[in-house]
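Work through the exercises below with the sequence and the coordinates at hand, and try each task before reading its solution.

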Amino acid sequence: MPTVASTLVQRCRRFNDDWPELDSLGASLTNSATTVTTTVNPASGSYSPNWLIQVDSEAMLVRTSSSLAGSITVLRGARGTTAASHANSATVLIKPLFLDSEYLDALNAALDYAYPSLYQRVIDESLTSVAATYEYTVPNLNAAPIPYLTKVYVKETGDDVFREKRDWTVLRGATPKIVFRRDEPAGTIRLDGFGPFPSLSTTASTLSAQFPSNAESYLEAFVAQWLLTSGEARRVRVDTGVQDNREQANRTGSSMTAANAIFNRADRVLARVAMQPVTLAQDCAPAPAWAERTLPAATVGNAARFDSALAGAG
């Protein structure tokens, strides 16, 4: 069963030991209200001005607290999150080290970094061949054309079998095309290709069912180093000029050092769980300007790739 993003976020919190104080809403909250009723009395010191809290996936900045009313006044939709309605008893995270939105950004960065070591296999049958038509637009994967195609099949109308075609190539560009050398009869075109895994847009999103389960530990390690690096960047922006921090418990650069060690760990895990490379593939992405000046827009032969051809030419 595909893993839900909220589960990944919880695993990443556990990896980072990011367990903030917890509270819950004492009443439901609309998407515009700025007074939040809490279960824990603010007089206990659980809330202070300028503290960051998270309800569901929305970040809020505490402005004031009222011990008499058992409520706090907040700035809604903080840190780029969106103000939303929240049900009574919704969980409140008090001063989390990182927000769910930051974990999602880091998880998506991990998915991007893993490609093409980890990839999503695609079988698309959305194209219909038409007589006297030689070019067909490459269908989308994750809102962009399928990056690589390995095989093309055609099932003629009235036939029961998809038959592999070898007389095709890819015309690269902003709108890549599959180009047949011969006129294909009316029927269905099947494309076999691969590309990156889709991003996780919310905590309710799920990983692709094709994502290897043994690679999820890589995500946790990558996220940890990504967030540690962001924390160090915050400190460096503050610590300007000559600094003597030899006596400090956490010296400038300590987070970066830990992040580099964890990144090496994530890289080792990624190398261990990498999927079998696909070698016979045509690249559908637009060719860089310098490549277009040295090679034609389409490289003939369905085992050819632009960068391979360039390597041979160099």
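A charge sits over a ring if NZ of Lys or CZ of Arg is within 6 Å of the ring centre and within 35 degrees of the ring normal. The model used here is a predicted one.

**Exercise 1.** Find the ring over which the charged end of Lys-95 sits, and do likewise for Arg-190.

*Solution.* The charged end of Lys-95 sits over the ring of Trp-51, at 4.6 Å from its centre. For Arg-190, the ring is that of Phe-162, and the charged end is 4.0 Å from the ring centre.

**Exercise 2.** Classify the pair of Tyr-119 and Phe-194, and state which parts of the chain the pair ties together.

*Solution.* The structure holds 10 aromatic pairs. In the pair of Tyr-119 and Phe-194 the ring centres are 5.1 Å apart and the planes stand at 55°, so the pair is tilted. Because Tyr-119 lies in the loop between helix 2 and strand 7, whereas Phe-194 lies in strand 15, the pair ties together parts that are 75 residues apart in sequence. Phe-194 also forms an aromatic pair with Tyr-148, which is stacked, with 5.0 Å from centre to centre and 0° between the planes. Since Tyr-148 belongs to strand 11 and Phe-194 to strand 15, this pair ties together parts 46 residues apart in sequence.

**Exercise 3.** Determine the strand order of the open sheet of 6 strands, and identify the strands at its edges.

*Solution.* The order is 1-6-3-4-5-2, with antiparallel pairing. Strand 1 (21-24) and strand 2 (35-37) stand at the edges, each with a single partner strand, so one side of each has no neighbour in the sheet.

Notes:
Residues numbered from 1 in each chain as written. Predicted model: local features only at pLDDT ≥ 70, side-chain atom pairs only at ≥ 80, totals over all residues. Heavy atoms only, no water. Pairing = 2+ DSSP bridges. Helix = DSSP H or I, 4+ residues; strand = E, 2+ residues; numbered from the N terminus. Phe/Tyr/Trp six-rings, centres within 6.5 Å; stacked < 30°, edge-to-face > 60°.
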